[in-house]
Amino acid sequence: MTTQNGSAFAPAANGVDPNRVPRKTLRTGAAIPAIGLGTFGSDKYSGEEVAAAVVGAAEVGYRHFDCASVYGNEHLIGPALQTIMRGVRREDLWVTSKVWNDRHGEGQVIESCRKSLRDLRLDYLDLYLVHWPFPNSHAKGVDVSSRDPHAQPYLHENYMKTWRQMEHLVEMGLVRHIGTSNMTIPKLRLVLRDAGIKPAANEMELHPHFQQPELFRYVVDNGIVPIGYSPIGSPSRPERDRTPEDTVDIEDPVIVKIATRLGVHPAVVCVKWAVQHGQIPIPFSVKRPQYLSTLRAVVGEPLTDEEMRAVAGIDRNNRLIKGHVFLWKDGQTWEDLWDVSGEITPLDR
Ligand SMILES: NC(=O)c1ccc[n+]([C@@H]2O[C@H](COP(=O)([O-])OP(=O)(O)OC[C@H]3O[C@@H](n4cnc5c(N)ncnc54)[C@H](OP(=O)(O)O)[C@@H]3O)[C@@H](O)[C@H]2O)c1
């Protein structure tokens, strides 16, 4: 097992046996590892660092990687996956990617998926997601006041045209499962009504200070596996994605107290809670001690029932990824993206 640069893919001696990592079953019966590595380096980490972390994470026992075309690093993660596959069978890996908002149009979803497959150097994806339900895009690194002049609200008819292409990808054998991301109950209700192939998973923001209990329950009750992004509360996100009201999960006294009992970083407690609660967390890190400790968390001593109840009690409804840049009209607030009234926000709002 020798890689292009001459080094072998070798499981780390102090890693976690991937067979010990819990799995969740999707509606097809397929099993997905109950924790994955996030790959969005944002402004802070280069694609090369993220790709190196993908190999390192596989060495310590990760088998699930959460990618997306918009992260701009799939062409670097592809060689990393090739390295891993010198020692791990493709069927033992789980790779997710996502179609970005500017590729929802006719033919573009399939083209974008093919590009991700080429970049990732794979024949198929395990899961392909519609990254956001809006076809609204923005330049990299813009602040929250930036708007796409062509931005649109959620138009169900258009979303279903995008979804038909997602279904076609399954029929073509290019992806095994399809799913949604950044959805709300009213939008999912329509998709579940009209989809030929129902979403297998929904990727949503989930951490102790943002537990989205209603959406979580709705998703689970409808046979959709919840994948939780920013499970640690995204402590390294850029300044432009922070607002003064944001709270900090890893500083919460309940989380800190559990971390002290277990002798781990509070980040590890967030991930442990996520797996025990029932979502699949996809924590990001390029630092081996960090991604190793989060993986160990899911096979180590569980939180007690009392601790689980205590974490349930610290939900602050604190959404971090608000999505301002996807708003379609002047005078709106980010809440308009999230259908907080229980109805899809009307076009003219
Ligand atoms: N579907 C979507 O729209 C969507 C949106 C956002 C994110 N995502 C996915 O979710 C992934 C994770 O989200 P995220 O990156 O926003 O946030 P996150 O996983 O909540 O936070 C990541 C940060 O937490 C710190 N950390 C990680 N493990 C740690 C440990 N064991 N001990 C101490 N600190 C630790 C690191 O900070 P330092 O770097 O400072 O050490 C790391 O950068 C992304 O990479 C992406 O794949 C998807």
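I shall start with the ligand and the elements around it. Two helices, helix 8 (266-277) and helix 9 (288-299), each contribute at least two residues to the shell around the ligand. Helix 9 provides the largest share of that shell, with three residues. Please bear in mind that what we are viewing is a predicted model.

Which residues come nearest to the ligand? Of the 29 residues around the ligand, they are Gly38, Phe40, Ile232, Ser234 and Phe284. Sorted by class, the shell around the ligand comprises 11 nonpolar, 14 polar and four charged residues.

Let me turn to the sheet. Strands of a sheet pair through backbone hydrogen bonds, either parallel or antiparallel. Here, eight strands form an open sheet, the pairing is parallel, and the order reads 3-4-5-6-7-8-9-10. At the edges lie strand 3 (37-38) and strand 10 (280-281), each of which pairs on one side only. Within strand 8, Glu203 is the bridge partner of Ser181.

I now come to the helix packing. Two packed helices are described by the angle between their axes and the distance between the axes.

Take helix 1 (residues 47-60) and helix 2 (residues 74-84): they pack at an angle of about 20 degrees, and their axes are 8 Å apart. Because of that angle, helix 1 counts as roughly parallel to helix 2. The crossing of helix 1 and helix 2 is right-handed. On the helix 1 side, the contact involves Gly47, Glu48, Val50, Ala51, Val54, Val55 and Ala58. These meet Leu76, Ile77, Pro79, Ala80, Leu81, Thr83 and Ile84 of helix 2. By class, the residues of this contact are 11 nonpolar, two polar and one charged.

The second pair brings us back to helix 8. How do the axes of helix 7 (residues 253-262) and helix 8 cross, and within what distance do they come? They cross at roughly 100 degrees and come within 8 Å. The residues of the contact of helix 7 with helix 8 comprise eight nonpolar, no polar and no charged.

That concludes my presentation; thank you for your attention.

Terms used. Residues numbered from 1 in each chain as written. Predicted model: local features only at pLDDT ≥ 70, side-chain atom pairs only at ≥ 80, totals over all residues. Near = placed C-beta within 6 Å. Helix = DSSP H or I, 4+ residues; strand = E, 2+ residues; numbered from the N terminus. Nonpolar A, V, L, I, M, F, W, Y, C, P; charged D, E, K, R; others polar. Pairing = 2+ DSSP bridges. Axes fitted to C-alpha atoms, helices over the stretch in contact; angles between N-to-C directions. Parallel < 35°, antiparallel > 145°, perpendicular 65-115°, else oblique. Left-handed = near helix turned anticlockwise from the far one by under 90°. Contact = placed C-beta atoms within 7 Å.
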